[in-house]
Amino acid sequence: MTQKPIWIQNISQLVTLSSKKKGPRVREEMRELGIIEGGSVWIENGIIQDVGTTRQMIMRYLSRAKEAEIVDATGKIVTPGLIDPHTHVVFGGSRENEFEMRMEGASYMDIMNAGGGIHATTRKMRTLSEEHIFNQTARRLDLFLQHGVTTLESKSGYGLDLENELKQLRVMQRLHKKHPVDIIPTFMGAHAVPEEYQGNPDAYVDLVIEEMIPAVVQEGLAKFIDVFCEVDVFTPEQSERILQAGKAHGLIPKIHADEIEENQGAHVAAKVGAISAEHLLKVSDEGIAELAKAGVIACLLPATALYLGEKPARARDIIDAGVPVAISTDCNPGSSPTISMPLVMNLACIMMKMTPAESLCAATYNAACALQIEDRVGSIEVGKQADLVLWDVHNHQKLHYIFGVNHVKTVWKNGVKVVG
């Protein structure tokens, strides 16, 4: 059925993120938001058809005004739909007991090595039906949508065997078809060495390479492949083997790099040509230089650092070195149980000293680049999907200035109002 046109008028700031530059934005480019004061957008059949000032658009569309749904955005801003490029959103159960353990002094790796962390969620996930996981995750996605997120990446990695990794990825596929939020799937069978392979991690690496990757690719269940390159998890050599195997099967490499300790994760990312390196709390100067030279996007996760009580990633050094930066919630049941990208945008400024403009770029256009979908989302430009958020603030700085509040008023996904 043909949708009624939507005409958003009198936008205090229309933050388009438009640019002639292709690919992710670096350095001062991240501050160029393409703001149109007194802006207007015309949408038809889910696609952005025209962008300009309200004065210009009245001249062009006054004769069609009666056929459109007119939205008065006086005193409000419009941005692209937020994009969350790193989540573990598909899971069952919760781990609030570990929060209390951390408050009593236990570290992330202490909990994981004692059988908690990823292992605890894996044990739970293996007992749950696909339908249960689907329903629990769908409720989580509703909250993402209410906080302005219209697209997100989701990783597997809570199955850690062939059957349950496929189960998790199939849930993502179903949710992508059924839920308004677009889900970009990543296979992360190498999220941890499962308990049954403790003491023999190379055998599990072989299983991931020889059985899991071919099965995932055969069903078309993932676009990316990721690995947790970390001390006491996967070595740089094991990580490279897994990512190169995925790459040989057509999967695009990502990597959890240098989070708990510096472990050559940035080096591996550059060597395999990863699209992004994630976390980077402990990345070295040499690692940053390698990421810049290789054009790897740094996906930074300030909510995780906050939740674990760690120093945040050195965003200023990373940006100044010419590495493009995206930001994400890292939504997961253990180290970042949040769905709030607006909070993450605040934290990017407060904890990592990014500017409001850099933070917004990192949560939209650069995040889209980290998922290789910038041709259709991430900015407000003619021909792109009408994934838009109307915020109840009058400029983009105020969106970052007032934290802990959800300023979302309306969300459109493919030109359909899904919130508001």
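The crossing of helices α6 and α7 is right-handed, a term used when the near helix is turned clockwise from the far one by less than a right angle, the anticlockwise case being left-handed. This is a predicted model, in which local features need pLDDT of at least 70, side-chain atom pairs count only at pLDDT 80 or more, and totals for chains, interfaces and linings use all residues. Residues are numbered from 1 along each chain as its sequence is written, and side-chain values use heavy atoms, with hydrogens and water left out.

Two packed helices are described by the angle between their axes and the distance between the axes. For α6 (residues 162–178) and α7 (residues 201–218), the axes come within 10 Å and cross at roughly 30°. Helices here are DSSP runs of H or I with at least four residues, numbered from the N terminus. Their axes are lines fitted to C-alpha atoms over the stretch in contact, and the angles run from 0 to 180 degrees between N-to-C directions. α6 and α7 are therefore roughly parallel to each other, the word for angles under 35 degrees. On the α6 side, Leu162, Glu165, Leu166 and Leu169 meet Glu211, Met212, Ala215 and Val216 of α7; contact means heavy atoms within 4.5 Å. This contact has 6 nonpolar, no polar and 2 charged residues. In this classing, Ala, Val, Leu, Ile, Met, Phe, Trp, Tyr, Cys and Pro count as nonpolar, Asp, Glu, Lys and Arg as charged, and the others, Gly among them, as polar.

With α8 (residues 236–248), the axes come within 10 Å and cross at roughly 25°. α8 and α9 are therefore roughly parallel to each other, and the crossing is right-handed. Pro236, Glu240, Leu243, Gln244 and Lys247 of α8 make the contact with Val268, Lys271 and Val272 of α9. By class, these residues divide into 4 nonpolar, 1 polar and 3 charged.

The other partner of α9 (residues 265–272) is α10 (residues 285–294); the two axes come within 8 Å and cross at roughly 15°. That makes α9 roughly parallel to α10. Here the crossing is left-handed. From α9, Ala266, His267, Ala269 and Ala270 meet Gly287, Glu290, Leu291 and Ala294 of α10. The contact has 5 nonpolar, 2 polar and 1 charged residues.

The remaining features are spaces within the protein. On a 1 Å grid over the protein atoms alone, a cavity is a set of points where a 1.4 Å probe fits but cannot get out, while a pocket is an open set with protein on both sides within 12 Å along at least five of seven lines; lining residues have an atom within 4 Å of a point. The largest pocket has a volume of about 190 Å³, a volume being the space filled by probe spheres set on the points, which are joined across faces, edges and corners. It is lined by 16 residues, and Ser94, Arg95, Asn332, Pro333 and Pro337 lie nearest its centre. Helix α2 (residues 96–103) gives the largest share of this lining, 3 residues. The lining has 7 nonpolar, 5 polar and 4 charged residues.

The count comes to 1 cavity of 30 Å³ or more. The largest cavity has a volume of about 100 Å³. Its lining is made of 13 residues, with His88, Tyr108, His191, Asn332 and Ser335 nearest the centre.

Conventions. Helices (H or I, at least four residues) and strands (E, at least two) are DSSP runs, numbered from the N terminus. Angles under 35 degrees count as roughly parallel, over 145 as roughly antiparallel, 65 to 115 as roughly perpendicular and the rest as oblique.
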